[in-house]
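Please keep the model in view while working through the numbered points.

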Amino acid sequence: MAALGAAAPGQVRFPGRVGQVDRGAATVLTPDGELRAQLGPRLFKDGEPPLGGAQLATGDWVVVGGPAPHLILDVLPRRSAFVRGTANRRTESQIVATNVDTVFVVAALTGEQRLRRIERYLAVAWQSGAQPVVVLSKADLHPDPAGAAEEVERIALGSPVHTVSSRTGEGLDALDRYVEPGRTVALVGLSGVGKSTLTNRLRGEEVLSTQEVRSDFKGRHTTTHRELVPLPGGGLLIDTPGMRALAVWDAEEGIDKAFADVESLTGACQFRDCRHQDEPGCAVRTAVVTGSLDADRLGNWEKLRREQRMLELRQDARARSEDKQRIRTRARALKKRPHR
Ligand SMILES: Nc1nc2c(ncn2[C@@H]2O[C@H](COP(=O)(O)OP(=O)(O)OP(=O)(O)O)[C@@H](O)[C@H]2O)c(=O)[nH]1
Ligand SMILES: [Zn+2]
């Protein structure tokens, strides 16, 4: 931080972690508690480091200048970032959480299509740069959690897999190591898998029934919501609406990592441009036939890659139409020029 230059007399600089981000300001968690800070001039510069034109996000480490009114002077490089498409055009992205160490990929043991959903979320998790940990929830409702976990381990390719029950408390101790001081966790998973209930457990709150503490029509907690939640073990939990609604979006490398087994098979195909359909000498198809690769897993890999290609095409189309728009605007401006 010395590189930031000497502070003006009477000014102090200290580190903080961004919680909620609003337009032009943010809540920052500092060693002395939470405060509000305005975005400093440096953060408004488009397309330049440290933000590369992107907005400040929950989880960012920042340098705050004070005393009040506090200013966010700088943002430290991000170790990991979760990105999602914005609702409108599906070609724009938004950073929803940064500097997450561990991401709990939560899936209910009662859920259908469990393996395929976990594969999807593992791709998102790997893409972010955070370490994924699979948390199989609602173990109390499953006759054989250990057996189910083994099945998941085969597709998790080395990522830890835990079975827990927020109702009975079973298995929760094993999650402690991920929320030690200085570590940040976040949860992803479909609605209803038990993320809120697990979050309450991690916060050390007794969970009676999630329904009982909910009262608004959406079923959300009505207690004041925090994006950055300090946990009793010393770690931090990032809990934002953006994280909750996370879906696969621009995750090419994440898909490669989540399907490293399939990816390595493709290297053994006879043809370099093998589409793994009916080409001779296809190592991927052979693996399915011999039973070393599950056909559903392969199907999911193909599906995710198709989605990725569609997204890239849409992004290209958007870039082209923006170019066209620029040319048109310029042409119009030229036409309007008075003749001499
Ligand atoms: N039996 C059992 N039920 C659970 C467990 N964890 C959560 N539930 C129930 O599952 C339902 C959904 O749990 P939530 O914690 O609200 O799920 P969520 O993932 O936060 O859902 P969204 O907020 O919609 O994303 C609630 O009725 C919980 O009481 C568990 O370990 N065992
Ligand atoms: Zn092939």
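**Notes on the predicted model**

1. The largest nonpolar core has 75 residues, and Val-105, Val-134 and Val-188 have the most contacts inside it. A nonpolar core is a set of buried Ala, Val, Leu, Ile, Met, Phe, Trp, Tyr and Cys residues joined through C-beta atoms within 7 Å. A residue is buried if 20 or more other C-beta atoms lie within 10 Å of its own, exposed if 12 or fewer, and partly exposed in between, with C-beta atoms placed from the backbone. Helix H1 (residues 114-128) supplies the largest share of this core, seven residues. Helices (H or I, at least four residues) and strands (E, at least two) are DSSP runs, numbered from the N terminus.

2. This is a predicted model, in which local features need pLDDT of at least 70 and side-chain atom pairs count only at pLDDT 80 or more, while totals for chains, interfaces and linings use all residues. Residues are numbered from 1 along each chain as its sequence is written, and chains are lettered from A and ligands numbered from 1 in the order in which they are written.

3. Overall, the protein has eight helices and 13 strands. Of its 340 residues, 34% are buried. Two residues are in contact if their C-beta atoms, placed from the backbone, lie within 7 Å. Among contacts between residues at least 6 apart in sequence, 65% join residues at least 24 apart.

4. Which residues does Val-105 touch, leaving aside those up to four places away in sequence? Among them are Ile-118, Tyr-121, Leu-122 and Ala-125, as well as Val-134 and Val-188.

5. Six strands form an open sheet in the order E10-E9-E8-E11-E13-E12, with mixed pairing. Its edge strands, E10 (161-163) and E12 (228-230), each pair on one side only. Two strands pair if DSSP finds at least two bridges between them. On average, neighbouring strands of this sheet are turned by 25° against each other, direction ignored. Axes are lines fitted to C-alpha atoms, for helices over the stretch in contact, and angles run from 0 to 180 degrees between N-to-C directions.

6. E12 and strand E13 (residues 236-238) run antiparallel and are joined by three bridges. Leu-228 has Ile-238 in E13 as its bridge partner. H1 packs on the sheet and touches strands E8 (102-108), E9 (131-137) and E11 (184-188). The direction of H1 makes about 170° with that of E8.

7. A barrel is closed by five strands in the order E1-E2-E3-E5-E4, with mixed pairing. Its twist averages 55° from one strand to the next. Strand E1 (residues 12-22) pairs in the antiparallel sense with strand E4 (residues 61-66) over six bridges, and Phe-14 stands opposite Val-64 in E4. E1 also pairs in the antiparallel sense with strand E2 (residues 25-30), over four bridges. E1 and E2 form a hairpin with two residues between them, and Gly-24 in the turn has a positive phi of about 80°.

8. Where does ligand 1 have its closest residues? Its surroundings comprise 19 residues, the closest being Ser-191, Gly-194, Lys-195, Ser-196 and Thr-197. A residue is near a molecule if its C-beta atom, placed from the backbone, lies within 6 Å of it. Helix H3 (residues 195-202) gives the most to this shell, with three residues. The shell divides into two nonpolar, twelve polar and five charged residues. Here Ala, Val, Leu, Ile, Met, Phe, Trp, Tyr, Cys and Pro count as nonpolar, Asp, Glu, Lys and Arg as charged, and the others, Gly among them, as polar.
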